[in-house]
Amino acid sequence: MSIQVDHVTKRFGTFTVLNDVSLHAQAGELIALLGPSGCGKTTLLRILAGLERPDQGRILLHGIEVTDQRITDRRVGFVFQHYALFRHMTVTENVAFGLSVLPQAQRPSPDKIQKKVDELLSLVQMRAMADRYPNQLSGGQRQRVALARALAVEPKLLLLDEPFGALDAKVRKELRRWLRRLHDELHITSILVTHDQEEALEAADRIVVLNQGHIEQTGTPEEVYENPATPFVYQFLGDVNVFHGRISQDRPSHDEASGQPPPEADASGEHEVTFVRPHDLELSLSRTTPTQLEAAVRFVITAGSRVRIELISKDSPQIISVELTKERYRDLKLQQGDVVFVHPKQLQVFKMPGPSSV
Amino acid sequence: MSTEIAARVKNEEWKASLTSERALVRWALIIAALGYLTLFLFIPLAAVFTEALKNGLESYFASFQDPDALAAIRLTVLAASLAVPLNLTFGVAAAWAIAKFEFVGKQILITLIDIPLAVSPVISGLIYVLLFGAQGWVGPWLAEHDIKIIFALPGIVLATTFVTVPFIARELIPLMQSQGREEEEAALTLGASGWQAFTRVTLPNIKWSLLYGVILSNARAMGEFGAVSVVSGHIRGLTNTLPLHVEILYNEYNAVGAFAVASLLTLLAIVTLIAKTMIERKTASSRSAHDPAWSTQPGSPS
């Protein structure tokens, strides 16, 4: 089922949670709503589910307006961050709930319900736990039961509100891969709300980056990661070094690092800010071009697949993060206090409003 | 194996020693507490039964053969059986509204629920006399239409209901607040109607606390003296509840009768306490089964 969010605005009191948000999802897509806490992503999801009502704008599911439709009639599966399993029911009873509350005429026979529950529990690999109560399950198991429960009513749309947010890192990783495989199998249009950029990048077909109630960028994981449209997206998706002013391969103008005053704001009152990812910075032990930034090694973290190095710029107190491969790090033989020269392989310059005091 | 147990015992002792006092202080505190309880609880309790049985079992049971005593028992049970369901309905509705929704005047409602605990029961009774009594605001109108509230069953039920308003609501509000709204929301997204969500999700989650509130409320309804005394009119065999009947018997120097009837109320109290303890155990075990697992979810941003 396709989803259309049409100029939706939502306020809580005087606080605007969603400001004129429009969004389209095709049938069978898995879309991640990505953003920091309080950006409005959960509110948008709850509006889609019918748990909240937008102040302005429309929601269309499969081309039909449902803005004023009741939750019960929307046939939307909702998975909560804290599972919201019925604590007094067993796993089986939880999964069967959606079928057992159907009007008598539509309700399947108890045998059929049991069969359906068994199928779903096999799908989420929880059949062995059918008679347990939620409190006897781990967080990951509970969330799989919650997913099975949501799928039992054969929703046309699956909404997941930070489904793995309360789980530890390892389980989270496993579950999001599992969710992706499940989605490829079932092809239910799904919306995944998350503040974890890795989760969004790995699981989603498309990512919608939200910030302070508006959409910053929409695109495939590759697009938003490789070509962030705004400074916010750049900073939110992965680590980044921010340089005020412009640094480049051919001009020695790293203003702050070179101790010069920031560039004059141009007529529009904007100034330029350069963003470079830590792995897009190259280090060398001697100056090869005059534009290279001189810095000293402050800190080296070798644990992990890549080596992370913190540098402190020679001319300013700015900290620069660099990520190197293990091989490169061994070649350089860096020690704390060593002087290195920094050179960006790839960078992006944004114009920011106001004077350069970010 | 035994060394492991010994080590565990030692560990427990060590843990206890961290927070415990010296033996002398400990015993002094225990004796003080026991003495206090004996003086104010056990002796009066024993006195009720000794006085009631002073002239033997025969006269004890004879006290209940009296038609006025039987009428008082009937009236007490009737009043409680009307007041408790009223408060059950109101208490659940109020707790549901307060715990699950935000609305203007919520704090005022919470305060209002506590009023019966704050005012003297006699005043609670007087309020109804002022409203419905012969000289009250609607008294003349009621008299015209031959409706009796004061000095009749409706007045007794009203007064009883008023003083027992807080018990069920106060029991439920914190529980329902801690349980939040998510389970109901989940039920709604799964296609349940509001009523189905309430009966199949909300009620099972609060049933033990609800029962606990009902028992406390019932005990108070049956034992209420002050408010009922004001509105009842003390008409023997008609508007006398058990506590009022005790007073009348006592004022007539019928000590055995008074204490015999009082022992009924005392027994009710003991049964209530036993039921209360059992329910507390039940909720404690169901909470310990749920809550630790429920609360170990690491907090995470939303």
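Between which two helices of chain B does the loop that holds Tyr253(B) lie? Select Tyr253(B), and you are in the loop between helix H12 (242-251) and helix H13 (255-295) of chain B, where helices (H or I, at least four residues) and strands (E, at least two) are DSSP runs numbered from the N terminus. Phi of Tyr253(B) is near 60°, a positive value in a residue other than glycine. Because its relative accessibility is 77%, Tyr253(B) counts as exposed, a word that here means over 50% relative accessible area, with buried meaning under 20% and partly exposed in between (1.4 Å probe, protein chains only).

Before you go on, note that this is a predicted model, in which local features need pLDDT of at least 70 and side-chain atom pairs count only at pLDDT 80 or more, while totals for chains, interfaces and linings use all residues. Residues are numbered from 1 along each chain as its sequence is written, chains are lettered from A and ligands numbered from 1 in the order in which they are written, and side-chain values use heavy atoms, with hydrogens and water left out.

Lys333(A) is not a glycine, yet its phi is positive, at about 50°, and with 62% relative accessibility the residue counts as exposed.

From there, display the open sheet of 5 strands in chain A, whose order is E13-E17-E14-E15-E16 with antiparallel pairing; two strands pair if DSSP finds at least two bridges between them. Strand E13 (281-284) and strand E16 (319-324) stand at the edges with a single partner strand each, so one side of each is left without a neighbour in the sheet. The twist averages 45° from one strand to the next, the axes being lines fitted to C-alpha atoms (for helices over the stretch in contact) and the angles running from 0 to 180 degrees between N-to-C directions. Strand E15 (residues 307-313) pairs with E16(A) in the antiparallel sense over 6 bridges, and if you pick Ile312(A), its bridge partner in E16(A) is Ile319(A).

Now select strand E7 (residues 157-161) of chain A, in which 5 of 5 residues are buried. Leu157(A), Leu159(A) and Asp161(A) are buried on one side, and Leu158(A) and Leu160(A) on the other. Strand E6 (residues 76-79) runs parallel to E7(A) and is joined to it by 4 bridges, with Val79(A) having Leu160(A) as its bridge partner. E7(A) also pairs in the parallel sense with strand E8 (residues 189-194), over 5 bridges, and here Leu159(A) stands opposite Ile191(A).

Gln143(A) counts as buried at 3% relative accessibility, and a polar atom of its side chain lies 2.8 Å from the backbone oxygen of Phe80(A).

Finish at Lys10(A), in strand E1 (residues 3-12) of chain A. Lys10(A) is buried yet has no salt bridge, and Glu52(A), the nearest side chain of opposite charge, is 4.1 Å away. A salt bridge is a side-chain nitrogen of Lys or Arg within 4 Å of a carboxyl oxygen of Asp or Glu. The backbone oxygen of Arg53(A) lies 2.8 Å from a polar atom of the Lys10(A) side chain.

Definitions and conventions: Lys and Arg count as positive and Asp and Glu as negative; His and the chain ends are not counted. A polar contact is a pair of N or O atoms within 3.5 Å; within protein, one must be able to donate a hydrogen and the other to accept it, and residues adjacent in sequence count only if both atoms are side-chain atoms.
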